[in-house]
Amino acid sequence: MTRRPQSGRMALFAVLVSGAFLACQSSLTEVTEAVGPRSFDFAVGPAGSVLPGGAAYRELVRTLVQRHQVTYEGVLVTSDTVVLLASTNTQDTTATDSATTVMVGSLRHLSGNGVYQVWAQAPDGTISPVVGRVTEYTHVFDQLDPITGDSVFVADSSDVAASGGGTYAGSDDPLVDSVAFRIIPADPGNTVNPFVNTQVNAVLVTIESAQATTPSNVRFAWRRLGIATGGSTSSDAVLRADTVLLATFTVGSVRTDSIEVTRYARRRLTGTGALTFGNYGGLDIVNAASPNDYIFAPRGAGLAGARGPEMSVDMEELARPPVGFYYAGYIVDADGKGVLVDTLRSAWSADPTVSRVSMYDADVNDLLPDIVAGEIRHSQIRNCAAGSGQNSCQNTMALPADNTFTGYVNFQLKLEPKGGVALGPNKSVTHLGPLPKAVK
Amino acid sequence: MYRRLVVAIGLAALVAGPLAAQDFEIGPRLGYVKWKDATGIKGAAMLGVDAIYRLNSHLGVGVRFDVARPGTDGKYFPAQMSFNDTTMIFAVSQPLTVIQYGAQAVVETGGAFSLFAKGGAGARTIILDPQAAHGRVNVSDWAFQAGGGISLRAGSGTSVKLEVQDLIYTNFRRADLSPVEPRFEPTRFPDVVPYQPAFDGTAHNIYAAISFIFTPGGGR
């Protein structure tokens with residue numbers, strides 16, 4: 001009987017100890033704990049003013065449009081007058097295509113032997129390479145006129161491929177504005193010139209691994225000339241109605257037995273103009289704007305955040321890149337120098353098989369995540385400064401881990417050619433967003 | 001919750017049969033529960049009490065009741081809040097009250113030092129923090145236990161038991177414990193807090209405890 005009180009006290013002691021232990025536990029209140037640094041957010045919207053593009057046009061110099069030759073039969077001389085007695089008065093007209101030009105801009109440098117090449121498609125579907133001279137046009141500098149104070153644009157040009165060439169490797173020199181593929185029949189070596197004596201339905205620019213005789217499927221810039229205005233032959237004796245007069249000049253000579261006057265007229269075919277950027281849909285002899293074409297235009301928008309050493313940009317409803325291109329993001333400083341953040345990836349997902357999948361092949365692969373009807377519904381560009389050790393981040397951005405974005409002013413989403421070397425920003429920019437002051 | 005409690009007590013009464021004081025054991029129990037990580041519940045002390053009717057020196061049946069006050073692990077419940085052009089990520093945790101009750105059976109070798117095994121079935125109720133849940137919210141479902149240990153007799157009516165149990169929670173959904181409304185779930189920095197896959201299923205939780213057994217009738 002004496003044991004019962006002992007065991008009862010023991011049980012009571014155990015209950016008290018247990019209760020005290022239970023009651024003294026921590027975390028008995030709701031806790032909201034901040035994780036990591038805050039994100040300074042900014043919007044990213046369409047830009048697109050420096051997409052690959054340009055113009056295709058055809059210049060014709062119709063020589064001897066009107067040649068008038070008078071041959072003297074005799075001379076009648078009076079006291080104050082000399083009269084030329086004309087016996088014949090001949091006149092003829094010939095025309096020659098002097099040059100056809102395809103001007104293209106914002107072409108990034110291509111790696112290896114990769115080149116841009118220009119082609120002409122005839123109404124029968126034949127595609128022929130354009131062989132000719134390639135000239136780079138360089139924006140040397142802007143300067144202020146010391147007298148007027150106006151900004152003066154100074155340009156220069158140089159041939160990067162002589163006649164007989166026809167390819168261009170592109171340039172990452174920010175001073176290079178555009179490049180002209182110019183076909184001058186008089187140049188030696190231009191034996192293959194589809195623009196001469198042939199009707200042309202379209203001109204297109206492609207990316208090739210090397211100078212090619214048939215075009216690749218990366219047909220990213222084109223201009224449909226149409227049947228009505230696409231062709232002209234050098235044997236046309238009469239100027240076509242679809243040309244516009246650019247300039248005229250006259251050259252004359254007086255010989256002992258004749259006077260010869262030659263009028264030159266420089267005319268340009270109408271119906272030519274700006275190149276379209278996207279995917280060329282192939283021959284269409286009916287439509288000037290073919291439904292087979294995919295015309296790229298920057299679309300969609302995003303919300304970005306600079307969070308400590310991390311840059312994360314969520315994009316919505318981006319247009320799919322043209323075949324042969326992919327999206328990449330840069331942050332750019334005030335001098336125009338940029339640092340690659342990352343290439344586009346699919347948005348984060350709890351399903352690891354579709355989370356942050358590379359969208360490098362979004363131009364051709366319909367099975368990548370969130371690709372629906374020509375657009376990328378949700379995507380992301382994200383990276384962190386190298387060495388910052390951020391969770392689930394690649395941590396490969398070439399920036400310091402501290403004050404990561406100091407000195408950088410904006411974010412650029414760009415289209416890069418797949419054959420290209422990612423050397424810098426500012427070309428083919430599709431979307432732009434200014435970094436917030438708090439992180440600059 | 002109450003339906004399961006009534007069922008558990010009824011089962012215990014059914015198996016206990018006519019009670020005699022010397023056949024009845026009661027003992028408070030103090031232990032520590034390591035809940036399965038995926039449940040989002042941090043380990044915590046659990047206070048319980050066993051009431052066992054001994055059918056003979058080797059077999060007993062009875063009821064149990066346990067209570068614990070663990071907290072949730074904030075990394076399983078991240079939240080995103082944006083203020084104008086600033087976004088912050090939070091890990092949100094909350095205190096819980098876990099109550100567990102049911103019938104159980106014990107088999108032991110007998111003697112001053114004995115080994116025993118025990119198992120049971122019942123229910124658990126997890127009561128969310130009213131502040132976090134914006135009201136009185138609890139989640140109940142079946143709970144099972146299986147385990148064993150050693151029993152050291154300290155006297156004719158007293159013993160100390162050291163035991164380890166597997167507390168088995170079926171149909172457990174971690175999302176039921178989330179204090180974060182869907183509109184605040186992170187979308188922009190979803191894995192700043194390491195992403196934890198959703199958990200929905202059976203959770204095995206380890207419980208180690210010490211019991212102080214008291215026999216009102218002085219024991220057999």
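This is a predicted model: local features need pLDDT of at least 70, side-chain atom pairs count only at pLDDT 80 or more; totals for chains, interfaces and linings use all residues.
I take helices (H or I, at least four residues) and strands (E, at least two) as DSSP runs, numbered from the N terminus. Residues count from 1 along each chain as its sequence is written, and chains are lettered from A and ligands numbered from 1 in the order written.

**Positive phi**

I looked up Arg356(A) in the loop between β23 (345-346) and β24 (371-372) of chain A. Its phi is near 50 degrees, positive although the residue is not glycine. I call a residue buried if 20 or more other C-beta atoms, placed from the backbone, lie within 10 Å of its own, exposed if 12 or fewer, and partly exposed in between. Arg356(A) is partly exposed, because 19 other C-beta atoms lie within 10 Å.

Glu317(A) sits in strand β20 (residues 310-319) of chain A. Its phi is near 55 degrees, again positive in a residue other than glycine. Glu317(A) has 15 C-beta neighbours inside 10 Å, so I log it as partly exposed.

**Core**

A nonpolar core is a set of buried Ala, Val, Leu, Ile, Met, Phe, Trp, Tyr and Cys residues joined through C-beta atoms within 7 Å. The largest one has 71 residues; Val203(A) and Trp222(A) are among those with the most contacts inside it. Strand β21 (residues 325-333) of chain A gives the largest share, seven residues.

**Barrel**

In chain B I traced a closed barrel of eight strands, β1-β2-β3-β6-β7-β8-β9-β10, with antiparallel pairing (pairing needs at least two DSSP bridges between two strands). Strands β9 (residues 158-173) and β10 (residues 200-214) of chain B pair over 14 bridges. Arg173(B) stands opposite Asp200(B) in β10(B).
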